[in-house]
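Welcome, and thanks for taking a look at this protein with us.

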Amino acid sequence: MLTVADIVKIIEELAPPGLAVPQDPIGLQSGSGQWEIERLMIALDADHRTIRQAADAGAGMLVSHHPLIYGPLASIDPESPVGRAVAYSLEFKVAVYCAHTNLDAAKNGINNSLAVLLGLADLTALAGRTPENFKIVVFVPVNSLDEVRTAAFEAGAGKIGAYTRCSFASSGIGTFMGSEDTDPAVGSPGRFEEASELRLEMIANSDVLDSVIDVIRGVHPYEEPAIDIYSLHGSGMGEGIGIIGSLPEETTVEKLANTLIDLFETGSVTVVGEKGRKIQRVAICSGSGASLVGTASAGGADAYLTGDMKYHDARQADELDLPVIDFGHFAPERYGMKEFGKTLNTALKKTGAEIEIFYAQEEDPFKVITRA
Ligand SMILES: [Zn+2]
C-alpha cells in the first residue's frame, strides 16, 4: 500500500519542485503524508467541490494543478471558500497535493502535452532555462588560495552576469586536531593546531556545482577540506515555463484557431492579429501566459497560444506583430491534467501498487453566449 508521501515522491520525480517559480505554493497543502491511498483523483482546481467528489469516489488524495491555498492564511473559517475546502479535506481524509508551475515547466507537463497534441516538433522551453545559483565557501591556507580559486574558476565558478572570476576572500584563524591516523598538510597528527586561513567565497550554478566541488577537493591541500554550499533562494526559475515548436505544416491563425476550438470544445477563441497570417512556429503557455508575449515574439514564434489575455497584453502583441490565440485557461489545462493523470498512472504501476485514478468533473467558470 502506498502512502500520500510515497505518491508525492513519484509526482515530484515527474514534476520536480525546483522547476516551480519562486513563491509558488506547490506541494502537499492539506492532509497527512502517512495516509494510505488506494484511489486518487486528478483535478484542475482544488476546492470544496473537487475534494467532495474525491471523497465520494473513495479517493484519499486529490492531485490538482491550481493550489488550494495561494497565500498565507491568518485564520481558517469553514464558511470561506478556502476554509471550507480545508475542512472537507480533513473531515473526509482527502489529502490535497498541487503541482502548479513545476508541472507547467516539466518535461512531461501540461505545455508539453499541448505541444504533442498539436504535433509540434523541435521543442524548446519558451522562457529559457535559468539554473539555480549556489554560494560555495571553502577555507584554504593562504598559500593555496591562488590554486584553489583558479581551479574553481576554470570549472565554471565565479560568474555573475557578464563578469567572470568573481570571488571574495577574508582572513581568519582555523583550528583542527587530526587523529593519529591523519596526515595533515599543516601541523602534526594528534596535536591541536591553529592555522591562518582564508574564507574563499564564490558563486556556482547548479550546472557546474558538482564539478567545481570535485576540482576544489582535487587541488585543496587538506585531507578533509571544509566546504559549505548555500542555496541562493529564488535565484533560478527552473527549466522554463512554456514551450515553443513547429507545426507539421504551415497554416493560418484562423485555421489553427478552429482546430483549437474543435480540440477543446470551447465554442470560440479570441484572436489578436490578422486571421489570414501564415504561421508554423508556435509558442504555448497554458494558463495566464500574457506576461510572456514579448518572450514568445523574441523567441521567433509566428503565433502565441495562451489564456487570460487582457486589453493591454493584446495591444503589446499587436505592436510586436505577434498573432495571439487566447484559447482560455480552463480547457487546455484540464486536458493537460488528464494527460498528466496517464503519466502518473504509468509511474504508479511501475511500483507494483494498485492505485485507481479518477478525474474530477469540472466546468469552465466562463460561458460563451451566442446570439439566440
Ligand atoms: Zn492555470
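Domain bounds here come from an automatic or database domain assignment. That assignment gives domain 1 (2-100 + 333-359), domain 2 (110-127 + 241-328) and domain 3 (133-231), and the C-alpha centres of domain 1 and domain 3 lie 43 Å apart. This is a predicted model, in which local features need pLDDT of at least 70 and side-chain atom pairs count only at pLDDT 80 or more, while totals for chains, interfaces and linings use all residues. Residues are numbered from 1 along each chain as its sequence is written.

**Overall build**

- You will find 11 helices and 17 strands in the protein; these are DSSP runs numbered from the N terminus, with helices being H or I of at least four residues and strands E of at least two.
- The radius of gyration is 26 Å, well over the 21 Å that the globule rule gives for 372 residues, so the protein is more spread out than a compact globule. This radius is taken over C-alpha atoms, and the globule rule is 2.2 Å times the number of residues to the power 0.38.
- The C-alpha trace spans about 90 × 50 × 40 Å along its principal axes.

**Where two helices meet**

- Helix α5 (residues 110-117) packs with helix α11 (residues 330-350) at an angle of about 95 degrees, their axes 8 Å apart. Axes are lines fitted to C-alpha atoms, for helices over the stretch in contact, and angles run from 0 to 180 degrees between N-to-C directions.
- That angle makes α5 roughly perpendicular to α11, a term for angles of 65 to 115 degrees.
- From α5, Ile110, Ser113 and Leu114 meet Pro332, Glu333, Gly336, Glu339 and Phe340 of α11; a contact means that C-beta atoms, placed from the backbone, lie within 7 Å.

**Residues to look up**

- Ser144 sits in the loop between β8 (133-141) and α6 (145-154). Leaving aside residues up to four places away in sequence, Ser144 touches His220 and Pro221.
- Ser144 is partly exposed, with 19 other C-beta atoms within 10 Å. By this count, 20 or more means buried, 12 or fewer exposed, and anything in between partly exposed.
- Lys93, in the loop between α3 (81-91) and β6 (95-98), has a phi near 55 degrees, a positive value in a residue other than glycine.
- Asp122 in strand β7 (residues 121-125) also has a phi near 55 degrees, and Asp122 is exposed, with 8 other C-beta atoms within 10 Å.

Terms used
Angles under 35 degrees count as roughly parallel, over 145 as roughly antiparallel, 65 to 115 as roughly perpendicular and the rest as oblique. Two residues are in contact if their C-beta atoms, placed from the backbone, lie within 7 Å.
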